[in-house]
Amino acid sequence: MSKQIIIDAGDLETRVAVLEDKRLAEISIEKRGERLLGNIYKGRVVSILPGMQAAFVDVAEERSAYLGVTDVIDRVDSGDEEMPADLKSVPIEGLLKVGQEALVQVIREPIRSKGARVTTRISLPGRYLVLIPKLNFVGISRRIENEEERERLKGLAEKIKLPDEGLIVRTISEGVGEEYLRGDIEVLRSLWEKIEEKAKRVDHPALIHQEISSIKRTLRDLFDKDTKRLIINSLAGYEDILASLSSSSPDLKEKVELYNLKENIFEHYHIEEELSQALASKVYLKCGGNLVFDYTEGLTVIDVNSGKNVGKRNLASTILKTNLEAAQKIAHQIRLRDIGGIIVIDFIDMKKEEEKEKVLQVLKEAAKGDKARTNILPLTELGLVQMTRKRVGKNLSEVLLKPCPYCQGRGRIRKDEKD
């Protein structure tokens with residue numbers, strides 16, 4: 001698979017697109033100063049709700065942040081691997097008090113009327129490692145499947161960590177030597193020292209640490225040896241990238257290119273047209289069928305239709321062909337649209353169990369390329385597939401679209417008398 005990263009760096013907005021085999025696979029759109037995910041705040045507990053086993057924390061943002069009891073007790077979520085929760089039978093009111101200070105980190109962006117979700121378990125991601133201060137733990141990314149490599153990396157992590165540190169080895173560390181891991185952990189330790197020092201000096205509520213820019217996150221999380229090239233249309237951004245890579249991954253510098261054509265960079269690489277399709281409620285399949293996406297407050301529903309696909313053999317083969325292509329397309333669209341939470345897929349009804357299993361396996365295989373954690377359940381008796389995908393922020397339609405002022409986002413308006 002050929003992977004390219006295209007960055008459209010504007011004054012007010014940065015757009016990062018990931019192309020896989022020249023097809024848009026992921027896109028991140030970030031307006032300057034709007035991202036909260038990863039930020040660390042010195043907050044103040046303003047209310048406790050025993051019935052919900054949660055607290056609300058003032059973090060100097062528009063809405064108070066939600067802090068659940070499972071995010072107060074030892075729970076670690078690095079984005080690569082989650083440590084098993086050690087949930088003790090301690091109620092939230094036994095852990096926190098109103099007015100108490102709390103150092104918290106945003107793990108989910110504000111969504112609609114909900115404020116950000118935060119945790120007291122701070123994690124600091126680097127290029128190769130994630131540092132979890134004050135926790136004696138070593139974890140290896142689940143995406144590293146080779147057992148020998150997992151053992152090698154675990155041994156290196158145990159060697160370089162301190163007793164009061166938790167470390168998670170990220171996927172990009174596969175094949176990397178000890179010197180790179182040591183360099184990464186030293187940077188993260190220095191950052192944590194600065195965070196602790198600032199937290200002691202400032203009054204609550206206050207922002208203690210702001211997550212790095214989208215361009216630097218791209219270098220940290222996406223740009224690796226499997227990337228064919230990274231292209232950016234900003235000279236300042238291009239120079240910053242080269243400077244950053246000089247210390248962390250000098251071998252990747254030759255893959256960075258400066259785009260200087262007059263044509264818009266997203267237009268040049270045909271990203272805009274794929275972006276438009278990712279915002280449409282209906283997506284067409286090559287076989288003639290289509291997918292219909294419908295978003296509700298609590299879940300996303302995807303309906304598979306045969307459409308114009310009338311088939312050439314019989315009804316069963318037509319349905320199977322449509323469902324198999326739909327499974328591939330659905331996994332791609334979920335990742336591209338960054339749909340999180342509960343997702344229900346209504347495939348066209350199939351009679352044979354082996355056909356149902358085949359469609360389910362294609363969906364699971366196609367979802368493996370998604371870095372967000374997913375859980376796909378077997379088909380129900382009604383032919384529905386239920387799945388969950390980790391939600392950390394707004395999906396693509398929430399970022400780029402707003403509700404219609406006439407129908408209030410329902411997609412329908414009242415008929416007039418002539419209709």
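**Entry 1.** I looked up Glu-353 and Lys-356 and found that their side chains meet in a salt bridge, at 3.5 Å from N to O. I count a salt bridge when a side-chain nitrogen of Lys or Arg is within 4 Å of a carboxyl oxygen of Asp or Glu. The model is predicted, so I keep local features only at pLDDT of at least 70 and side-chain atom pairs only at pLDDT 80 or more, while totals for chains, interfaces and linings use all residues. I number residues from 1 along each chain as its sequence is written, and side-chain values use heavy atoms, with hydrogens and water left out.

**Entry 2.** Glu-353 and Lys-356 are 3 residues apart in helix 8 (residues 353-367), so about one helical turn separates them. Helices (H or I, at least four residues) and strands (E, at least two) are DSSP runs, numbered from the N terminus. I noted Glu-353 as exposed, at 54% relative accessibility, and Lys-356 as buried, at 15%. Buried means under 20% relative accessible area, exposed over 50%, and partly exposed in between (1.4 Å probe, protein chains only).

**Entry 3.** I next checked Glu-272 and Arg-15, whose side chains form a salt bridge at 2.9 Å, N to O. Glu-272 lies in helix 6 (residues 271-279) and Arg-15 in strand 2 (residues 13-20), so this pair ties together parts 257 residues apart in sequence. Glu-272 is partly exposed at 21% relative accessibility, and Arg-15 is buried at 11%.

**Entry 4.** I found Glu-211 and Arg-220 joined by a salt bridge at 3.2 Å, N to O. Both residues are buried. A network of salt bridges links Arg-170, Glu-211, Arg-220 and Asp-221.

**Entry 5.** For the whole structure I wrote down 24 salt bridges.
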